[in-house]
Amino acid sequence: MRINRPVTQRQCWWLLATAVSVLAPLARQLPLWLVAAITGTLLIRGLLTYRQWRLPPRWLLVPLTFIGTGLVLWHYRTLVGRVPGIALLAVLLSLKLLELRVARDALTVVLLAYFLVLAQFMFDQGIPAGLLAVLSVVITTATLAAASDDRPPPLALVRRCAIMLLQGIPFMLVLFILFPRIDGPLWGLPQDRHSATSGLSDSMSPGSIAQLAQSDAVAFRVKFDGPVPPQSQLYWRGPVMSDYDGRTWRVTQRNIVRPQVPYLIDNTARDAIRYELTLEPHGQRWLMVLEMPDAPPANAGLTSDLQFLSNQAVRTRLRYTQTSVPDTAFGQDETPQELASALTLPRSGNPRIREVAATWRVQANSQVGAGDTAITATPAADALILKAAEEFFLRQLLAYTLTPPLLGENAVDDFVFGTKKGFCEHFASAFVFALRAAGVPARVVAGYQGGEINPVDGFLVVRQYDAHAWTEVWLSGRGWVRIDPTAITMPRRIADNFISAVPSGEPIPLFARADLSWLRAVRNRFDAVANGWNQMVLGYNAAKQREFLQNLGIGEPDWRRMTALLAGICGVLMLLLTTWILWQRQKLDPALRIWQNFARKLERRGIQWQPWEGPLDFAQRAGEHWPERREQIHAFAQRYARLRYARTTDEGKTSALNALRRALRAI
Amino acid sequence: MELFAPLTRLRRHVHERFVRWALRVRPPEPTPIVLTQRRVYVLPTRAGLAYAMAMVVILLGAMNYNLSLGYGLVFLLGGLAIVTILHTFRNLVQLVIRPGRVEPVFAGEPVGFELILENTRRETRPGLQFNPFMSDEEPVEVDAEAGNSSTAIISLPTERRGLVELPRITLTTMWPLGLIRAWSYLSPAMRGIVYPKPATHAPPLPWGGESAQGATRDGSGRDDFAGLRAHHPADPPRHVAWKAAARQPDSPLLTKLFSGAAAERIWLQWDDLPDTLPLEDRLSVLCRWMLDAEKAGVAWGVRLPAFRLEPGSGAGHLAEGLRALALYGLERAAP
């Protein structure tokens, strides 16, 4: 590329196509006014190219650049960070198109375009996005080729570049697998504004989980090492909520205070469950764990109420391996503060349930012989109260529904004694309220319950509609015990899935419906492909790389060995490609090839054939130098001349060629 | 600029030594020149360096944001870079170059050296750029057609009469992406003849006197047909008896003779010009005379010190005369 060659009209069209191909996939991420401005700029550039009008002068472009930058700054209040940075690059790219004068400008546009392809990946790395990016790369590369030679027709250029990219793919694969991976970030990521992600939130009010149940977005996927545990064991623990204001439950503990789990656990137990969980980004810090893990994942810890928190909000897909042991007792020596907060209730509200709870306390206390009036904490009585509460909830004939009616001021009373219809959050909320009113420490735990095995790849897929809320009750000597009030009234919710528990006719997500099995089969297939892509391509990080190389038998790979391996394989590939590319297919005429053999034979005798010599002239000269073979040489030359210059048929040619070969051998 | 002069000299010196080493044989080299793998060099261009920089930036971005597809992108671009090295290299390697014709020119006109490029491949080799060594001129760009020969004409300005040799040529290609530059040096033995510049204010042709024997100023004798004789290759084509040839296709060609052609003779002599006239000017005047005499259609001869050309006419005659003027008094005579 000669840097100073002016840009032609054809090259302008190429550059415009490049800009469109890299900017279009980003349009969804950029504010509307910016998309409109960029589209306008590109249209103007297209008009200028079409009419071959003069480009705007520099005194106009410089202020435009400042205005563009200023607008981006005004919109985002910053220029650092992912989205503002990309918006700025998009502005610069479109303005650079107005300044295409020489090949150097074209090169700038092309390199910016390559970078903007990377920018697409910051938002979406799915298979469709990847394919779209491949298209952008092909167009951008064709533009690069057109920048040095724009004469070939567009399709020929695209084809040539696509072939070159295909030839580059072996190198890409080797580098992808062997290039030493470093887990980012290399520097602190600027805090982006929250992008909308679905998932559990740090509070729970009536209806919030029922709303989540309308979404069939994947929350996380799990690969079990052994057999899949029964559905009723699949309690994926998330945020723990202790604080209640009469309507909404809230998370109180937000800081990691323990690096390790505070309970005794035997991870060599026979029923220990080993699994690898791939969590979709949800913008919060909770990590979903199966009850109860032996250790927090890397870069994570525990709060005092045993929520597993990541050090940073989960904004990218996160994968961790864990071992959980079901029925592990925990929290036997809970602190008094923790117990106190698990007893706190608003001072007023829900009088009826408080009344019922008081009777449980009185009866239980009398049964254990601790007096019958005082509402004092009597640990021995707590188990009896729990039993009474369970029986009470069963007797109330509560119904499970995705569309719970609205509740009034006294939400718990309205639910338990009035509407009697609710989703899991209603059950959990009412149950904890009742127990606390009776003086038993209890708290709400949110998370996911169950999941569905994808028969295509064997992964357990947990979706947003598997979101669930249950309770943990503290019993002296036993610690925190999981009680699921939904299961008390609706055992099918836990044994099977939530769809089977919901009355027919309710609006359940399309893909969750049991009657559309073919749709589910299609969905499972797509999901398996997407998951394979996530696991193998997107999730290929330093740890996976180490695992993979160890499986290949490369042992503990250090960077030196990997670099050597990388260089070796790339060298071999390069050699193969070089031989292939430089392979000269000798498409010589067979007669000419025999003539060359003849010339070589005589050359060994010291008789050099000169390219301008005709066959007969050369034979004359050669015969003088080598009189013993004069006749044979003449015979050969005459045959050759006849074959080359006289008219022959195809059959005649074959026999003439054979005769020529014989004549050569005779010399 | 003065400050950098030694540096520039040093650079040129180093470059010169490199080329000497690279060519391996002392110029001029035997032809045809085959660009073997060993004599084609490859380095990234400035655009290629910028591309590499962009790759590093993309790699850092992919690392920082843990973008697996970002790694994929940068490695794909890396693979493309490796492949483009090979393609650029391949565009030059195994090209065969033969010297072609060099038309004589008059001093002051550009002389064109014709190089014949033979491409035995089934693909065209586009964007071959020829440039004299270390020249900053815009190069000559040629596509070598698939399975065919193409020509590249390298133009050099001329100032003085004499022989002009083709300087060492740099053959460069940056095809297909402009990221990589593959080049080779050529120095085939090629020389062109530069005739003296015809004088603009020359004295008239020396008609009359002892030098013009029996010359008449009207050249009408040309049209008087005098008979036929066997054709010689040097005869002007327009004197061939084409009609006779068409009537009898198998008989040898004949040349028509004209009675007037031998009637006019003129001698162009070194001694006809004043001694005060400098050498080059004298040659310029003689050059002009030759052209004028040829145009007038007379038989003209030349007498120079140590050179004599019997009267005659025609393109070959003129070329011989002009060549004698071009090489007059030069140390290295014509080959």
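**View 1. B:Leu117 stands opposite B:Ser150 in E8(B).** This is a close-up of a predicted model. In E5(B), B:Leu117 is also the bridge partner of B:Ile97. Strand E5 of chain B covers residues 111-119, and B:Leu117 belongs to its covered face, together with B:Val111, B:Phe113, B:Leu115 and B:Asn119. The uncovered face of E5(B) consists of B:Gly112, B:Glu114, B:Ile116 and B:Glu118.

**View 2. E5(B) is joined by bridges to strand E3 of chain B and to strand E8 of chain B.** E3(B), residues 96-102, and E5(B) run antiparallel and are joined by five bridges. E8(B), residues 148-156, and E5(B) also run antiparallel, with nine bridges between them.

**View 3. Helix H3(B) is largely enclosed by the rest of the structure, because 22 of its 25 residues are buried.** From its first C-alpha to its last, H3(B) reaches 37 Å, close to the 36 Å expected at 1.5 Å a residue. After H3(B) comes B:Gln94, which has a positive phi, near 70 degrees.

**View 4. Chain B meets chain A through 43 residues of chain B and 48 residues of chain A.** On the side of chain B that touches chain A, the elements giving two or more residues are helix H2 (46-64), helix H3 (68-92) and strand E6 (125-132) of chain B. H3(B) provides the largest share of this side, 18 residues. Sorted by class, the side of chain B that touches chain A holds 27 nonpolar, 14 polar and two charged residues.

**View 5. The largest nonpolar core has 121 residues, with members from chain A and chain B.** The members that touch the most others are A:Ala90, A:Ala106, A:Val110, A:Val117, B:Leu73, B:Leu268 and B:Leu325. Helix H5 of chain A, residues 103-121, gives the most to this core, with 13 residues.

**View 6. B:Leu325 is shown with the residues it touches.** Leaving aside residues up to four places away in sequence, B:Leu325 touches B:Tyr195, B:Pro196, B:Leu283, B:Leu286 and B:Cys287.

**View 7. Chain A is divided into domain 1, domain 2 and domain 3.** Domain 1 of chain A spans residues 9-178, domain 2 spans 198-540 and domain 3 spans 590-666. Between the C-alpha centres of domain 1 and domain 3 of chain A there are 61 Å.

Key. Residues numbered from 1 in each chain as written. Chains lettered and ligands numbered in written order. Predicted model: local features only at pLDDT ≥ 70, side-chain atom pairs only at ≥ 80, totals over all residues. Core = buried A, V, L, I, M, F, W, Y, C linked by C-beta atoms within 7 Å. Buried ≥ 20, exposed ≤ 12 C-beta atoms within 10 Å, placed from the backbone. Helix = DSSP H or I, 4+ residues; strand = E, 2+ residues; numbered from the N terminus. Contact = placed C-beta atoms within 7 Å. Nonpolar A, V, L, I, M, F, W, Y, C, P; charged D, E, K, R; others polar. Expected span 1.5 Å × (residues − 1). Domains from an automatic or database assignment. Pairing = 2+ DSSP bridges.
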